[in-house]
Amino acid sequence: MKRILTALAATAFAGCAALSAGAVPSKAETLKIGLLATLSGPPAVLGQHMRDGFLLGVKEADGRLGGLETEVIVVDDELKPDAAITKVQGLLERDKVDMMAGVVFSNVMMAVYRPIIESETIFIGANSGPSPIAGRGCSPYFFSTSWQNDQNHEVMGRYASDQNYGNVIVMAPNYQAGKDAIAGFKRHFRGNVVDEIYTKLGQLDFSAEIARIADEQPDAVFTFMPGGMGVNLVKQYSQAGLNGLIPFLSAFTVDETTLPATRDMAVGLYGGAQWAANLDNEANNKFVRDFENEYGYAPSLYAAQGYDAARLIHEAVKLNNGISDKQGLLATLNAAPFESVRGDFRFNSNQFPIQDFYLVQAVQRSKDVYITEAVEKVFDDVGDSYAGSCRM
C-alpha cells in the first residue's frame, strides 16, 4: 500500500485557504480518500494515468479538496479481484476513508463495488463502468466521471456503419468490459459481425487471432485491448502486414497509454472516446498544459477522468461546506458542480455521465510525442443504454 499525503504543510497560505462560496468547514474536519488503481504488470500505465490525473486535481486545490485537508491513500489492486477486496476492506475498516475513488478494470469493479456501497461510502468511479452497476445495480453512493463500458465502443459501431463496412470481426478480452465492448459496438453497427473472438485478459500473443483475421478477410476489425494487450496487438497486426489491408478500429487500445510504445505503427488508426487533448475549452487547455508540466508526458482519457473525479469532489465538498452532511453531499455531487475537461457534462438518472463522444485518430504531435485527436463528434449529449433500468 502506498500512502500519499496530499495535504500541504501547515503554512500561512494553507491556513488561509478560502472557499469561494459558503461557510468555511471546521478546522478539525479532514477528508481521507482511498484511490484504487491497477499499478502492476502491463496494464499499470492505465492506473498511473488515472492516479496522476486525480493527484493533479488535488494539488491544484492546494491539497485541500473543498477546503478540507486531504489525504489520498493510493492502493494497487494488482488486477486481482480477491486482493482488491482485501485492500478495500482495509481502507474502509482500518483507514476509515471518507470516500473511495478510481478502479480501472471491470473485474475489479465488480468485486469491490458491493462492499463499498453497502458500507454507504461515497464512491467516485474514474474509469470502469460495467453495465450491471449502470442498470439494476445502481446506487446513490456511486458516481462515474468516465462512461458506461459500452459507450466508446458504440462510437465505432456507428463509424463502421457510416463507412459501409459490411462484414466485421470483433475481438475483446473475455470479461465484463470485453462483453460490454462488443455489445456496444453491435448496438450501432448495421452490418454483419462475422466472427466474435474472446481472448484471455492479459493475453499478449495474438498470432492465432491475427491468422484467423487474415484468413477471413473481413471489411474491418474492431477491438478492445487496453494497456499492454493493445500495444502487442497493434504491433503484431502491423508486423503481419494487415494495417493497409484491413481497417483496424478500436477503443481503449490506441491512446496515450499505448502510443509511446506503438508510435508510427498506430498513426492514422481510429478509435472512439469521450475526451481528447484538442477539445478546445478553458478547463481542458489548462489540464493538458498543467499535466504535461507536472509529469512530463501526454495525458490520456484515463488521466482526464481522474482529474475530473478530483474536481467533482472539490467543488461538491466546497458547496456542501464539508462532508458531515452526507445526504447533502450526495445531492451536491449529483448536480455535477464542476467544469469538466470534456465541456458539456451532467449526470444521468443512474449517476453516469451524459456527454459527447468523438471519433479520434492517432497522430504524431512532435518528434517524440504521439497523441489522439478528436476529428468528428459522433454522439451529442447522450446517456447510456442501461439508465432506464436504474431504480434510484
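Is E78 buried, partly exposed or exposed? I read E78 as partly exposed, at 28% relative accessibility (buried means under 20% relative accessible area, exposed over 50%, partly exposed in between, with a 1.4 Å probe and protein chains only). The model is predicted, so I kept in mind that local features need pLDDT of at least 70 and side-chain atom pairs pLDDT 80 or more, while totals for chains, interfaces and linings use all residues. Residues are numbered from 1 along each chain as its sequence is written, and side-chain values use heavy atoms, without hydrogens and water.

I then looked up the partner of E78, which is K87, with the closest N and O atoms of this salt bridge 2.6 Å apart (a side-chain nitrogen of Lys or Arg within 4 Å of a carboxyl oxygen of Asp or Glu). K87 is also partly exposed, at 22%.

Searching the whole structure, I found 18 salt bridges, and E60, K286 and D290 are linked in a network of them.

Next I took E292 and R365, whose side chains meet at 3.0 Å, N to O. E292 lies in helix α11 and R365 in strand β13, so the pair ties together parts that are 73 residues apart in sequence (helices are DSSP runs of H or I with at least four residues, strands runs of E with at least two, numbered from the N terminus).

Last, I noted that E315 and R311 form a salt bridge at 3.2 Å, and that both lie in helix α12, four residues apart, about one turn of the helix. E315 counts as buried, at 13% relative accessibility.
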